[in-house]
Amino acid sequence: MQDFSDRVAVITGAAGGIGLALARQALARGMRLVLSDVDAAALDAAGRSLGADPARLLTHAADVSRDAEVAALADAAFARFGAVHLLCNNAGVGFSRLAVEHSAADWEWVIGVNLFAVAHGIRHFLPRMQAAGARAHVLNTASAAGLVSTPGLAAYNASKQGVVALSETLRAELAAQRSPIGVSVLCPAWVPTAIHASSRARPERFGATAPASEASRPYEQGMEHAVLAGRLSADDIARTAFEAVAREQFYILPHSRIGQAVQERFAEIAAAAVPTAPSRAPSP
Ligand SMILES: NC(=O)c1ccc[n+]([C@@H]2O[C@H](COP(=O)([O-])OP(=O)(O)OC[C@H]3O[C@@H](n4cnc5c(N)ncnc54)[C@H](O)[C@@H]3O)[C@@H](O)[C@H]2O)c1
């Protein structure tokens, strides 16, 4: 998808971090915007911060882990602009502690927001994008955690590896249909955003996040430290993502060292060796 001007972008998790940076990139390329987030107040503030023409911007609050709310988001987007050309399934939450200390609700929250939401987005947007017959693109935000498994991130790793698998499957199916809809999967390592404080947006039905145990605390603190020390900004990631979408590039790995970690992991898998790559990986 090379021509962004006047096209319509839908971005979830757009109230801050990488989602808001994607919105800035889309706006700079002349796109009309549908921005969504579970945090309605932060979403309104984010929308205002862009200084966009109100006629070219729709903000619509939604909890993307809920199928019906993604359906309502799609209805609102098509009702307002009549088309969607770039679907950014970006909303996500971070959660770090020992695997054995993830509760059932923790799993449901992380998998719901990070993986099911991408499936909901594809189900509710793609048929209408396909029916339009125009060039369009799906950009799924996974993570380097979708490619290597760092300790302390069991549900996060599983959710993001699911997003990579879903994206690869969708790309292959659309390519087999000679569809004009492209797919990309964005796999950044650590980026300084508010992802280490994701519990702020944890929907009530999942209950409150329990405090980390003494054994889990180093992982939680390690995630916060790594996020805040991230060397590429959210704007860097969003710019790289748009350049890659324009090239129809599928895997987007903005941090150059992740490719090495992936090579090591797959060499170990192919050799049926003991996995060591996660501990050597520079980040999730
Ligand atoms: N920051 C990093 O280090 C990093 C690295 C790799 C991948 N990612 C991914 O990038 C994406 C964006 O994260 P970020 O770093 O900008 O974090 P962030 O916390 O700054 O932004 C995430 C946004 O998602 C929203 N959100 C959370 N739960 C939601 C829900 N149920 N429904 C709708 N919106 C919801 C939040 O309110 C927030 O505005 C996520 O998918 C994340 O997993 C982040």
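In strand β2, the residues Arg32, Val34 and Ser36 point one way while Leu33, Leu35 and Asp37 point the other way, and all are buried, a residue being called buried if 20 or more other C-beta atoms lie within 10 Å of its own, exposed if 12 or fewer do, and partly exposed in between, with C-beta atoms placed from the backbone. In a regular strand the side chains alternate between the two faces of the sheet. Strand β2 spans residues 32-37 and is mostly covered, with six of its six residues buried; helices (H or I, at least four residues) and strands (E, at least two) are DSSP runs, numbered from the N terminus. The structure is a predicted model, in which local features need pLDDT of at least 70 and side-chain atom pairs count only at pLDDT 80 or more, whereas totals for chains, interfaces and linings use all residues. Residues are numbered from 1 along each chain as its sequence is written.

Strand β1 (residues 8-12) pairs with β2 in the parallel sense over five bridges, where pairing requires that DSSP finds at least two bridges between two strands. Within this pairing, Thr12 stands opposite Ser36 of β2. The chain passes from β1 through α1 to β2 in a right-handed β-α-β crossover, a handedness assigned if, with the strands pointing away from the viewer, the path from the first strand over the helix to the second runs clockwise. Strand β2 is also joined by five bridges to strand β3 (residues 57-61), and these two strands run parallel; Leu33 has Leu57 in β3 as its bridge partner. A right-handed β-α-β unit is likewise made by β2, helix α2 (residues 40-50) and β3. In the loop between α2 and β3 lies Gly51, which counts as exposed because it has 8 C-beta neighbours inside 10 Å.

The largest nonpolar core has 82 residues, and those with the most contacts inside it are Ala9, Val10, Leu22, Cys187 and Ala241; such a core is a set of buried Ala, Val, Leu, Ile, Met, Phe, Trp, Tyr and Cys residues joined through C-beta atoms within 7 Å. Helix α4 (residues 104-132) gives the most to this core, with ten residues. When neighbours within four places in sequence are left aside, Val10 is in contact with Val34, Ala77, Val84, Leu87, Cys88 and Phe125, contact meaning that the C-beta atoms of two residues, placed from the backbone, lie within 7 Å.

Around the ligand there are 32 residues, of which Gly13, Gly17, Gly92, Ser143 and Thr193 come nearest, a residue being near a molecule if its C-beta atom, placed from the backbone, lies within 6 Å of it. The shell divides into 16 nonpolar, 13 polar and three charged residues; Ala, Val, Leu, Ile, Met, Phe, Trp, Tyr, Cys and Pro count as nonpolar, Asp, Glu, Lys and Arg as charged, and the others, Gly among them, as polar. Helix α1 (residues 17-28) supplies the largest share of this shell, three residues.

Most residues other than glycine have a negative phi. Asp6, however, which lies in the segment before β1, has a positive phi of about 70° although it is not a glycine, and it counts as exposed with 12 C-beta neighbours inside 10 Å. Ala272, in the loop between α8 (258-270) and α9 (277-280), likewise has a positive phi, near 50°, and counts as exposed with 6 C-beta neighbours inside 10 Å.
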